[in-house]
Amino acid sequence: MATIDGRPAQYGVTLKQLRELMESRGQEGIDRIQREFGSTLEITKKLYSSPTNGLSGNASDLEHRRQTFGSNVIPPKPPKTFLMLVWEALQDVTLIILQVAAVVSLGLSFYRPPEDKKAAPEVGFHDEGEEEAGWIEGVAILISVAVVVFVTAFNDYTKEKQFRGLQSRIEGEHKFAVIRGGEVQQIGVGDIVVGDICQIKYGDLLPTDGILIQSNDLKIDESSLTGESDHVKKGVDSDPMVLSGTHVMEGSGKMLVTAVGVNSQAGIIFTLLGAAADEEEVEAKKRKREAKKQRKKHKKGDSGEELIDADPTKPGDGEAAAVTGNSHHVTANSANADGDVRNNKHAKEEEEEDEEVARRSGGGGQDKSVLQAKLTKLAIQIGYAGSFIAVLTVVILIVRFCVQTFVVEGKPWSPFYANHFVKFFIIGVTVLVVAVPEGLPLAVTLSLAYSVKKMMKDNNLVRHLDACETMGNATAICSDKTGTLTTNRMTVVQSYICSEDHKTTPKYESLPHHVAELLIHAISINSAYTSRVLPGDNPGDLPKQVGNKTECSLLGFVLDLGKSYQAIRDEVSEESFHRVYTFNSARKSMSTVIPRDGGYRIFTKGASEIVMKKCSFIHGKDGRLESFSKSMQDRLVREVIEPMACNGLRTISVAYRDFVRGKAEINQVHFESEPNWDDEDNIISNLTCLCVLGIEDPVRPEVPDAIHKCQRAGITVRMVTGDNINTARSIASKCGILKPGDNSLILEGKEFNRRIRDASGKIQQHLMDKVWMNLRVLARSSPTDKYTLVKGIIESKRSANREVVAVTGDGTNDGPALKMADVGFAMGIAGTDVAKEASDIILTDDNFTSIVKAVMWGRNVYDSIAKFLQFQLTVNVVAVVVAFVGACAINDSPLKAVQMLWVNLIMDTLASLALATEAPTPDLLLRKPYGRTKPLISRTMMKNILGQAVYMILVIFVLLFYGDKLLDIDSGRYADIRDPPSQHFTIIFNTFVMMTLFNEINARKIHGQRNVFQGFFSNPIFYSIWLSTLASQIVIVQFGGRAFSTAALTLELWLWCVLFGSVVLLWGQVVTSIPTKTLPKNIFSWGSGEPQTDPIADFNTEDKLDSDGKDSKRTGQILWIRGLTRLQTQLRVIRAFKSTLEDLEERRSCHSLHSLHSMRNSRSQQGNRPMSDISYIDEDSTKSPSPNSDKRCGSCNSAVRLVTPIEESSPTTAETAPLVPPGSPQGGPAAAAIQQLGHHRPHTHANTQNSSS
């Protein structure tokens, strides 16, 4: 018989049996285990594993298990090929218009209509090439478009590779505790195999399915699979089945792994949803085609107005509305999380309701990042201006030409004139193209991608790209104390035992024997067995603390007493525990019940003032038992606990209680029948206090300086901790959060709640505004208090520019606050999986200084984009004005279409790369944050833009009208249409490019600094791009010929061009000297605050309907916005590649499994997503949940998207319906999920500010 690692190769249980077993729940599962296998222990034996020692860890054994039962990975979808990315880049509408215009121009250049000699046009309107070379311009435009497309596709392709690397880094971060060879090991979740014994604890996200073999007070949130938001109690005898993708909310335990990867419950759903989503996509395309046909019919029937009846009661049309991207939500017969059905509500009402909710949620910044909101607003402002001028240019050119030719000269129409109209149209489109800052999306993407890569070196693992620029605007940081401000290396430095205060660890012999024995048993047994103190790696190193740091300090105290906690644990195994009340934020204590001599003993430890209140006895001098009266408690608090806390020590009390069947002592309880262990208040009372221990967690040495930097940068740091108010005050003073005489508020959670609630107990914003402004320390706070504080600060309108709040958290219960915050930081070391999942950035070193680095990088991103805007808009203003005035004055544009494309597309791309890669400097931390509503283009920037534009326009017009005389060359104005390109117009083009190039150096500073060369050579990317652009320009001018409408220039003319260009630097100094404060605010600042509505979300690629269904005529805006969509497209690529396995292992909820799939298909279904939404697929739509909303799983945003009615209290806009509603059909969650899937169609969720696409 074949053997592997000394055991038979054939397992006693098959993959199919295990899969079927995991479909059962509760009592049914227990019955099935007993009926088919005898017991869980038998299954363990059949899998050749051991409950105490686990697997051997032998490589051949593990490999054999992977081959038999599968490995714990779900294969990602293959990445998009380069050609697919090219095709997607071609979808940009501005590019499509240019291509069409180029093709028409190309066609007309070969078209030779029979000319009537009399009707031949007079010489002189256009000089864009002779008739024989008329094709050159069309081809040049097509080539320019091709360059842009390939650059975009290449960027997307490189980002895909970069984010696959990021994704594997995030996967590597997710470790899990398993027992192999009798030792607890942390291994990557991908390495877990069937038969492993896993230790599970509070805050874990389960990576596999399994059966419990031991559990303590275990509660699991299964909402991601079942939709039930209540936590499910799990136990070996009640419900031993635990499933992948679910969260451990309380307790601990050990499980036997029975299914991994695609065979686990989440994996089954993923596989089925993957298949379903492919079918969905085919269906959606079919419906799209039908909807198009419908619209054509409607168009013929109506007087040119498109009207789609989106009445949800008509299924066919409702679907059409959903597909065509009408901004109403069509939610026909869709049951939501609360079992409501919202099938007859009129679409308009739903929209109003959503707007109401968006208003009520106070614009917490979760719908869009701060920068994105400002860019959107700016987009709309520029969009109107640009399209207006473009249309005006075309109209003036056409009217002038028609009047001149057909009225003044009285010539008849000839098809030959079509050429002129196409030329005019091309000039108009080119003006529009120039008005759209094409490079802006690229600048944003490059800047973010570059920063994210660099931030990893600074211990910031960015999960959501936009978090890093939002961080630059942060005005407040609510930080945890333990581990973030302190080292999280705890040691017991003071103890109060038997009425004696010990400033150092006492000798074991000096303590009364029975008290010392009780004490070491109480600490060793009543702490998680996963917490251990191990010897350091090298001799002389400090011992390593593994697990909960507070428990490690207590175990260290036992070791310092000269005793071994492990010996006691070996004596009393976890399996023998009768009951465990695990630590949580409500209890602030932990208790363990163990059987003893026919009775029970309870050990309790926890926050000293909490445990003290439950004590009735205490061991006094020489270990004598004394009753512990209220006055004694007060004295102990006053004389022992408060002095410890004032020294920054965390105080922990240890106590016990005995239940006996025989005669009871004074501090024991006699019982006949089994006590009611569920009556916790009764059980954990009348305890006997053993000691009070003072634990020191020193402040990290670098934190005070980091906090000082934050304060200097205008960021308020607040400490939110569960610790005692005196401990919190002491640590806050050491960190520099509290300063003498600055009238700061220090509140406990209870007092905080009393101050912010009205008589009926409701939180009132005006009361909150009185508290948060001065609040610096919130002690003894619950996670709900933290959430309330963050929400209150974000929604407050007290400060001029609205607060942007960052929050740090490590516990499962910090989830809501992390989600609510503008930027959530989770701790990479101490953080639970749930906290990491709710966060935007993971601090891989748990250190506050890394947050300061994130602020620096965030400000750098914001500044990089502002620099680019300053540069870009100067070019745009000049090009648009020159084209427009040229059209009016000489019926021609001095800058030709191809030249403008070179300036616009190539230089934009290169400039965005050059300006987006500037490294951050410490100076960034010397200015105040911008806040939420400050304009993106400040008055200083607007002054620079307009100042430089005035100079450039002046130079170009002087050259245009007088250049031929000044430079002694032939005039290019009114040249014969058959003339070759003139030197005159080449000089205008070349001078414009030179001025632009030198202005790029000016654009490096946006806060009015005079030295624009500072740090110039520290950025090789910048100067190499600058020089290569200059070289390209020389080649274009000297050898561009007809393609670029240029004529070669002499050295003298080149020197004139460079001179005009370099004066820009001197002129910059003049502009800087103009005092900014004298400029009017509203005219000189653009792009402030969040847009009131989301106009971009209304425009989908398929159709353009405004809210009442009519054809909206906002073409210019749409066109501008198409330029902005480049940004979404690029970030969407990033999302797609970032999420694959990260989502499986960090989220594992079937919602995210599906949304992940839909995300990968989303680029092909752009019609179904709001155009301006750069928020991430793996962000919930509920990024501002109610305090208990972390019970919900992530939004599944394609096939199971429901819009639910909103409760008054909830700040969320739309919650997601569970895949399986309460009372779901049997057959396991996977089957039910797929059953459910069939009932829903994808819906758009546009036109609300909180749309999270």
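**Briefing on a predicted single-chain model**

In the chain, mean confidence is lowest in helix H10 (residues 315-324), at 34, and highest in strand E18 (residues 599-607), at 95. Confidence here is pLDDT, the predictor's score for each residue from 0 to 100. The model is predicted, and local features need pLDDT of at least 70, side-chain atom pairs count only at pLDDT 80 or more, and totals for chains, interfaces and linings use all residues. Residues are numbered from 1 along each chain as its sequence is written, and side-chain values use heavy atoms, with hydrogens and water left out.

**Confidence**

- The chain has an average pLDDT of 76, and 74% of the residues score at least 70.
- Residues 116-130 have pLDDT below 50, and this stretch makes 48 contacts (heavy atoms within 4.5 Å) beyond near neighbours in sequence.
- Residues 1090-1253 also have pLDDT below 50, with 498 contacts beyond near neighbours in sequence.
- Where pLDDT is low, the predicted coordinates should not be read in detail.

**Overall fold**

- The chain contains 37 helices and 29 strands, taken as DSSP runs numbered from the N terminus (helices: H or I, at least four residues; strands: E, at least two).
- Of the 1253 residues, 62% are buried, meaning under 20% relative accessible area, with exposed over 50% and partly exposed in between (1.4 Å probe, protein chains only).
- Among contacts with a separation of 6 or more, 76% join residues 24 or more positions apart.

**Helix H12**

- Val391 lies in helix H12 (residues 370-408) and is exposed, with a relative accessible area of 53%.
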